[in-house]
Amino acid sequence: MPQARVLYWFRTDLRLHDSPALKAALDLKPEVLYPIWCWDSHYVYRARVGNNRWQFLIDCMNDVSRSITNLNAESKLFVLREPAVTLLPKLFRAWNITHLVFEKDTDAYAKERDKQVIESAEKAGVKVIVGPQSRTLWDSDEVMKANGGKPTMSISQLQAAGAKVGAIARPVETPTNLPGPGDVELDIDQERPESKPDINGKYRESDEKTYSSGIAGPQGDYSVPTLVELGMKPATTPHRGGESLILARLESILADEDYTATFEKPKTSPAAFEPQSTFLTSPFLHFGALSARYFYHRVEDIVEKRRKEKKAVSTPPTSLTGQLLFRDMYFVAQAALGYSFGQTYGNSHCRFIPWHLPSKVDVKTGLVTGEYEVDDEGKEKEFQRWRDGKTGFPWIDAIMRQLKQEGWIHHLARHAVACFLTRGGCYISWERGAEVFEEWLVDHEAACNIGNWQWLSCTAFYAMFYRCYSPVAFGKKWDDTGEFVRKYVPELKGLSKKYIYEPHKAPIQDLKKAGVVIRGDGSEEMSEGVPVYPKPMFDFNVQREICMQGMKNAYRVGLHGNDPKVLDGSWKELFADDGAGPTEGKEGGPGGMASFEDADEADGAREELVKAKRTSKRNVPKASPEAARKGHKREHSQGTIDGAFGKKVKS
C-alpha cells in the first residue's frame, strides 16, 4: 500500500505543541508532509486588520516555520500566495496529495471556505481529516448541540453544556521529528484574487503586493510575506508573537504558583504598563501559538495541587481558567448564530437599540455591508474623536491611544471605552466600536470581540445598563496620580494630580506651568509651539442621563434583531420622536437605519419585507417564542430589566 502524501494546512494553530490535527497527520506515517499556509485574500482585503496584528501574525508564522525547520532541515512553513479554495485543487494534482489535514475552525467565514475545500478534495480523491478544534477548551459545535442548539449566554450555561460533552481533553505530545516535504517545485498558474473592495486600502502607505510575485513569493522560496509587501506602515506594538516566546514566558509566570493560583482578573489594573498586569496570552491564543487546553491544564494542575495543600485559590469566572471559559462561551454563541452573531440585524439574541451611526444593511442577504449611516453629523464627530483619542476625557483618550499604538489594552480599559461609546456617553452603535477593535487589536478574536461589545453595550449577555463607567472616577480609582494618562497623553504630563483627569478645570496659571493649552475639538495639536488638548466633547453627566433614558425606553419596547419590525423598518412606530437615537418620524430603515434610502438592494425591498411579514414568518430567523419575546433566558447574575418600566409602549 503506498504511503500517504499529506498536506498539513496551518490556519489558527501556529504551533507544534498540543496540536491534535498535526498528530492525526503524523499518525498516517506519511512519506512526505507539506506544512502549508494559504495566503487568503479575505483577510488581506475584506477583514479589518491593522499593521500591528499583521506583524503579530507574521511573527507567529516565522516562529513556527523555524520550529519546523529545527525538526527537519528540509522543511518549513510553505506560504503559498493564493486563497485555499482555488489553490488546493491544483496542489492536490501537482504534489500527488493523498490526504489533506487541518484543524476545525468554527468562524462563519471559515466554515464556508472549508466546505468548498472539502468538496474539491473529495472530487480529487483526496481524503480529508479535520482535526478537533483545539483553539478552545471544548468543540464549540458539540457544546452548542449539548445546549439544545442554542448559543451559550452565560458561564453557567457553558459549564453545564460542556459537562455533557465531556472533560476538557489533556494536551497531546509535541512531535520530536517531522517528515520532509518532498519536491516543492510548482508549475501551475496563480489565480490572483480580486483586490476590490480593499477595506484596508485607506490604511496602506503603498500598493499591496503579496500576490504580485507569484505563488512562491518574490524569492521563489515560499517565504512569509512582510508588512512592506502588504503596503502597511511598520508596526508600533511592543508585543511580539510566536509559540516559542509564549511558552518560555508561560514557564516564567507559572513558576509563581501563588500568583497563578490566586489570580483574579477584576483585581488587575487597567492602568498598569511596562509591564501590564495580566498574562497577555490572548493574542497567542487567537493565532494558535498557545493551546487553550495546554494553558488550562497547566494552570489547573497548579490549582489542584494547592487545593490538596489547603492553600488559597481563585475560582471561575474571575480566575485564569475562568477567562478561558468566557472565551469558549462566545465561541459557542458564534457557532450557533453564524454571521448574524456579528450584527444586530437578524440576530435573535441581540437587543435592538436605536443607536446613532447604525450599520447599513443589505436586505437581500440579511448582512451588514461594512458601511454605516451618518444620521447625525455631531455623532460622527464624536465617533471620530473617540477613535482618535481626542474626546477631552484624558482617561478615555489614553486608552484609545494605547490601543492604536500598541494593539492591546486591559479588559477593564476595554469596558471603559466601550461603555463610553455606547450606553454610557455617545449612544453610538456597538458595531462601530467593534470595527475599530477589529482593526487595531493584536488579540482580535471575532467571537470574543463581538460578544464583549454586546455585553458592554447591554444588548446581549448582560442587562444592567445602569452600571456606567465614569471617564473620571474610574481612572482615578486605578491610577490616582494619573501616570497612565501622562504616558499615553503626553501633552498633559506636566499637569498636577488634581487636574490630570479634568484638565479643562485647571486655572490658566496651572496650564501655563504644565505647558499645555485646553481648547477646541482636537483638530488643533499645537499653538505657538505649545501642545493643545481638547475640551470635553460633552457634559458627561447630562449625556449619561440621555443614554440611560434611551436604554430604559429601548428595553421597554423590547425588540431584538430578528423582530419583523427591525427587519422591515417599522420599529420607529414604537419610539417617541424625541427618544435617544434616530427615532424621529414613522418611516425607518432596516436594523436601526434612519431610512431605507441607503440600504443595499433597497428598491422594492421594504415592500417585499412588509408583504412577507403579512403572509409568512419564513423570512424571519427562527427563534423560540420565548426567544422572540425576551431574547434569551438570563441568569440571575445578569439581572432582569424587562417589565421594570411601567410606561406603555407607543402604538
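This is a predicted model: local features need pLDDT of at least 70, side-chain atom pairs count only at pLDDT 80 or more; totals for chains, interfaces and linings use all residues.

Reader: Which domains does the assignment give?

Author: Domain 1 takes 1-133 + 173-178 + 195-209, and domain 2 takes 135-168 + 242-342. Domain 3 is 376-538 and domain 4 is 540-651.

Reader: Take domain 2 and domain 3. What separates their centres?

Author: 28 Å, taken over C-alpha atoms. Domain 2 puts 30 residues into the contact, and domain 3 puts in 27 residues.

Reader: And what area do domain 2 and domain 3 bury between them?

Author: About 2,400 Å². Carbon and sulfur atoms carry 68% of that buried area.

Reader: Which three residues of domain 2 supply more than any other three?

Author: P270, F273 and Y330. Together they supply 30% of the area domain 2 buries against domain 3.

Reader: Switching to charges. How many salt bridges across the interface?

Author: The rule finds 3 between domain 2 and domain 3.

Reader: What about E274, which side chain does it meet?

Author: K487, in a salt bridge at 3.0 Å, N to O.

Reader: How many residue pairs are in polar contact?

Author: 9 between domain 2 and domain 3, with both residues at pLDDT 80 or more.

Reader: Which elements give two or more residues to the domain 2 side?

Author: α11 (282-287) and α13 (320-337). The largest share, 7 residues, comes from α13.

Notes. Residues are numbered from 1 along each chain as its sequence is written. Side-chain values use heavy atoms; hydrogens and water are left out. Domain bounds come from an automatic or database domain assignment. Contact means heavy atoms within 4.5 Å. Buried area is the accessible area (1.4 Å probe) that two parts lose on being put together, summed over both. A salt bridge is a side-chain nitrogen of Lys or Arg within 4 Å of a carboxyl oxygen of Asp or Glu. A polar contact is a pair of N or O atoms within 3.5 Å; within protein, one must be able to donate a hydrogen and the other to accept it, and residues adjacent in sequence count only if both atoms are side-chain atoms. Helices (H or I, at least four residues) and strands (E, at least two) are DSSP runs, numbered from the N terminus.
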